[in-house]
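Student: I would like to go through this structure term by term. Please set each value against its cut-off before concluding anything.

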Amino acid sequence: LVDFGGRICVLSAPEDDLKLNVGVMLSSEVYMGGSMVGGVNYIKKMLNFAAEHNIRPLVEVLPMSECNKGIEKVRTGNVRYRVVLENKTPGQSSGKSKL
């Protein structure tokens with residue numbers, strides 16, 4: 001299921017135990033990690049907290065017409081935080097977050 005040197009990322013806890021062949025994972029150099037990112041209620045609570053305290057993301061917003069510029073900034077490490085590509089229709093106002 002996973003290629004040589006592949007990764008498995010578990011994002012929630014399954015109800016049953018996981019059964020793994022550790023020997024195969026080791027010989028295939030498969031990495032396994034995980035994160036408890038939270039369920040829907042946890043995420044709603046976090047978003048409400050952010051809204052109540054005016055917590056906003058720090059992003060660079062580029063128009064979709066400059067997507068290649070955004071990709072290049074990410075590849076070269078010259079992006080500040082994250083690049084968001086905005087695909088707006090004519091006459092639509094920008095929803096840019098300030099840095």
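Tutor: Start with accessibility: buried means under 20% relative accessible area, exposed means over 50%, and partly exposed lies in between (1.4 Å probe, protein chains only). The model is a predicted one, where local features need pLDDT of at least 70, side-chain atom pairs count only at pLDDT 80 or more, and totals for chains, interfaces and linings use all residues. Residues are numbered from 1 along each chain as its sequence is written, and side-chain values use heavy atoms, with hydrogens and water left out.

Student: Why is Glu29 called exposed?

Tutor: Its relative accessibility is 53%, and the term requires over 50%, so Glu29 counts as exposed. Glu29 is in the loop between H1 and strand S2 (31–34); helices (H or I, at least four residues) and strands (E, at least two) are DSSP runs, numbered from the N terminus. Its phi is near 50 degrees, a positive value in a residue other than glycine. Most residues other than glycine have a negative phi.

Student: How do you know which class Asn54 belongs to?

Tutor: Asn54 has a relative accessible area of 53%, so Asn54 passes the limit of over 50% and is exposed. Asn54 is found in the loop between helix H2 (40–52) and strand S3 (59–63). Just after H2, Asn54 takes a positive phi of about 55 degrees.

Student: How do you know what H2 should span?

Tutor: The expected span is 1.5 Å times one less than the number of residues. For the 13 residues of H2 that gives 18 Å, and the end C-alpha atoms are 18 Å apart, so the two agree.

Student: What makes Lys73 and Glu60 a salt bridge?

Tutor: The term requires a side-chain nitrogen of Lys or Arg within 4 Å of a carboxyl oxygen of Asp or Glu. The closest N and O atoms of Lys73 and Glu60 are 2.6 Å apart, so the pair qualifies. Lys73 lies in helix H3 (residues 67–76) and Glu60 in strand S3, so the pair ties together parts that are 13 residues apart in sequence. Glu60 is buried, with a relative accessible area of 14%.

Student: What is the overall picture of the protein chain?

Tutor: The protein chain has three helices and four strands, in the pattern β-α-β-α-β-α-β along the sequence. Buried residues make up 12% of its 99 residues.
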